[in-house]
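Subject: Structure handover

Hello,

Here is the structure I said I would pass on.

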Amino acid sequence: MDFLPIPLVKMSGAGNTFVLVDATKADLYIKRQQLVKFICNRTLGVFADGVLFLQEGAIDHDYKWDFYNSDGSKAEMCGNAARCAALFANKYLKPSATGIYKFKTDAGTVITQILGDKSVRVHMPIVKDYQEIKTLAIEGKSYAFSSVNTGVPHLVMQILKYQYATELKEVARKARYHNDLAPIGANVTFYSKEKEGFLKAVTFERGVEDYTQACGTGAVAVAYVEYKKSGNKNFAVHMPGGALVIQVTETLESPLLTGEAVFVMEFQYFSEVANEKF
């Protein structure tokens, strides 16, 4: 039996899992959305939160990326995937003497720097569309969120205790699809302030339609919202899958996100299965 001609690599960024695909040499998969759903399937796939295709870059960019959530929907960018992309590019594509890679995403330029074997720093996209209070009516009740775009749109709510996020899951699900956010919706992130500079957070993500182990743009979103409240610019944001470090820069244009990323597995599909699907 023959395999598909390229390997697929599963990676994890603070528990947020992705499959990385080298798409620099040829567009091997025309039906990318169908392929993504196949890869992320619990039975025939490897159950990942998303799939990232890395393509040859244009001027001033090392690579262009094409990112999909597990349900096949597209996302503008992903902070945890960016860290994985840097390590993937360094191992499978072109090693960088500086450890710096520039990616062209639908949210703008994302610059990454490999700091060590596992640690990667990401210069995130420009923060925009901040709204201190955005009230949504959900099943007859009013919920006050903050709203901010950190590469993808986020609704953010501070809660008294982190455990309360479990009880708010259905609120997150309905807020994510709220008519006031149509047509693209938003990720929904809840956070608690444990002490100054130390936050605990969890994000309900579009395309996954559930809480995920971590969300880089969500960590930046809660850090930015808390910065607007307290003036603090340095945060450790703990999510279910691990800790992320956020620095709100002086210009407020490009926050820094730092955290670990690791390789999980390399795998291939038999062509006889793949050809039937995509």
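The notes below go through the findings by topic.

This is a predicted model, in which local features need pLDDT of at least 70, side-chain atom pairs count only at pLDDT 80 or more, and totals for chains, interfaces and linings use all residues. Residues are numbered from 1 along each chain as its sequence is written, and side-chain values use heavy atoms, with hydrogens and water left out.

Cores

The largest nonpolar core has 53 residues. A nonpolar core here is a set of buried Ala, Val, Leu, Ile, Met, Phe, Trp, Tyr and Cys residues joined through side-chain atoms within 4.5 Å. Buried means under 20% relative accessible area, exposed means over 50%, and partly exposed is in between, with a 1.4 Å probe and protein chains only. Inside this core, the residues with the most contacts are Leu54, Trp65, Phe235, Val237, Met239 and Ile246. Helix α2 (residues 79-93) gives the most to the core, namely nine residues. Helices (H or I, at least four residues) and strands (E, at least two) are DSSP runs, numbered from the N terminus.

Leaving out residues up to four places away in sequence, Phe235 touches Gly197, Leu199, Ala223, Glu226, Tyr227, Ser230, Leu244, Val245, Ile246 and Val248; contact means heavy atoms within 4.5 Å. There is also a second, separate core of 19 residues, which includes Tyr162, Leu168, Val202 and Phe204.

Cysteines

The structure holds zero disulfides, a disulfide being a pair of cysteine sulfur atoms within 2.5 Å. Cys78 is in no disulfide, and the nearest cysteine sulfur to its own, that of Cys215, is 6.3 Å away. Cys215 is likewise in no disulfide, with the sulfur of Cys78 as its nearest. Cys78 has a relative accessible area of 7%, so this residue is buried. Cys215 is buried too, at 2%.

Salt bridges

A search of the whole structure finds 10 salt bridges. The term covers a side-chain nitrogen of Lys or Arg within 4 Å of a carboxyl oxygen of Asp or Glu.

- Lys74 and Asp66 meet through their side chains at 2.7 Å, N to O. Lys74 is partly exposed at 42% relative accessibility, whereas Asp66 is buried at 9%.
- Arg176 and Glu209 form a salt bridge at 3.0 Å, N to O. Arg176 lies in helix α4 (residues 169-176) and Glu209 in the loop between β12 (198-205) and β13 (210-211), so the pair ties together parts that are 33 residues apart in sequence. Arg176 counts as buried at 10% relative accessibility, and Glu209 counts as buried at 19%.
- Lys193 and Glu196 pair at 3.1 Å, N to O. Lys193 has a relative accessible area of 31%, so this lysine counts as partly exposed.
- Glu139, Glu170, Arg173 and Lys174 are linked in a network of salt bridges.

Surface patch

Phe3, Phe270 and Val273 form a nonpolar patch on the surface, with about 240 Å² of accessible area together. Patches are made of residues with over 30% relative accessible area and no salt bridge; like charges are joined within 9 Å, and nonpolar side chains (Val, Leu, Ile, Met, Phe, Trp, Tyr) within 5 Å. The areas come from the Shrake-Rupley method with a 1.4 Å probe, and for residues only the protein chains shown count as cover. Phe270 sits in the loop between β17 (262-267) and α6 (271-277). Its relative accessibility is 32%, so Phe270 counts as partly exposed.

Gly151 is in the loop between β9 (141-149) and β10 (153-158) and is buried, with a relative accessible area of 5%. Apart from residues up to four places away in sequence, Gly151 touches Glu76, Met77, Ala107 and Pro125.

Ser147 is found in strand β9 and counts as buried at 15% relative accessibility.

Thr17 belongs to strand β2 (residues 16-22). Thr17 is buried, at 15% relative accessibility. Not counting residues up to four places away in sequence, Thr17 touches Lys10, Met11, Ser12, Phe47, Ala48, Asp49 and Gly50.

Regards
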